[in-house]
Amino acid sequence: MPFALLGGLLIGAAALLLAAAGRIAGVSGIVGGALQRPAGDLAWRLAFVLGLLVGGAVLRVLSPETLPKSLPQSGPVIVLAGLLVGFGARLGGGCTSGHGVCGLGRRSPRSLVAVLTFMTTAFATVWLARHVLGGAA
């Protein structure tokens, strides 16, 4: 099975989580909720995060050529970027998976604004990194 098809099926799993459990498959919300350790709500969150990690490990074994051999930036830059993404996700009340996959699927105007903001910021960041700062983003 091509990995693109498998990825599409996994995105469809977000709809299954919403239909079966009434949960939004927003990774930042799931991880944030797991860190708060709500009573009776922790197991499924940890299983979700574990599934993300296991999925990456399985991909590395089955198709290592799909993953980069080295990081495009230094470790501290990657950590800083991750923290900024996490901060932005909390500030925006969700992440691309929650707003982009589930929110747009539910026709949420708030999610549409969030996704447009994510995408505009991403385009501007890549443009600045490549054309102003001269990097290979």
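Mentor: Let us start with the lining of the largest pocket, whose residues divide into 21 nonpolar, 15 polar and 3 charged. This is a predicted model, in which local features need pLDDT of at least 70 and side-chain atom pairs count only at pLDDT 80 or more, while totals for chains, interfaces and linings use all residues. Residues are numbered from 1 along each chain as its sequence is written, and side-chain values use heavy atoms, with hydrogens and water left out.

Trainee: What makes a residue nonpolar, polar or charged here?

Mentor: Ala, Val, Leu, Ile, Met, Phe, Trp, Tyr, Cys and Pro count as nonpolar, Asp, Glu, Lys and Arg as charged, and the others, Gly among them, as polar.

Trainee: Why is that space called a pocket, and what is its volume?

Mentor: On a 1 Å grid over the protein atoms alone, a pocket is an open set of points with protein on both sides within 12 Å along at least five of seven lines, whereas in a cavity a 1.4 Å probe fits but cannot get out. The largest pocket has a volume of about 1200 Å³, a volume being the space filled by probe spheres set on the grid points, which are joined across faces, edges and corners. Its lining has 39 residues, each with an atom within 4 Å of a point, and the closest to its centre are Ala81, Gly82, Leu84, Val85 and Gly86.

Trainee: Which helix gives the most to that lining, and what makes a stretch a helix?

Mentor: H4 gives the most, with 12 residues. A helix is a DSSP run of H or I with at least four residues, a strand is a run of E with at least two, and both are numbered from the N terminus. By that rule the chain has 6 helices and 0 strands.

Trainee: What is found in the second largest pocket?

Mentor: About 670 Å³ of space lies there, lined by 20 residues, of which Gly7, Leu10, Ile11, Gly51 and Leu52 lie nearest its centre. The elements that give two or more residues to this lining are helix H1 (3–21), helix H3 (42–62) and H5. The lining divides into 15 nonpolar, 5 polar and no charged residues.

Trainee: What makes a residue of H5 count as buried?

Mentor: Buried means under 20% relative accessible area, exposed over 50%, and partly exposed in between, with a 1.4 Å probe and protein chains only. In helix H5 (residues 96–105), Ser97, Gly98, His99, Cys102 and Gly103 are buried, so each of these has a relative accessible area under 20%. Of the 137 residues of the chain, 18% count as buried.
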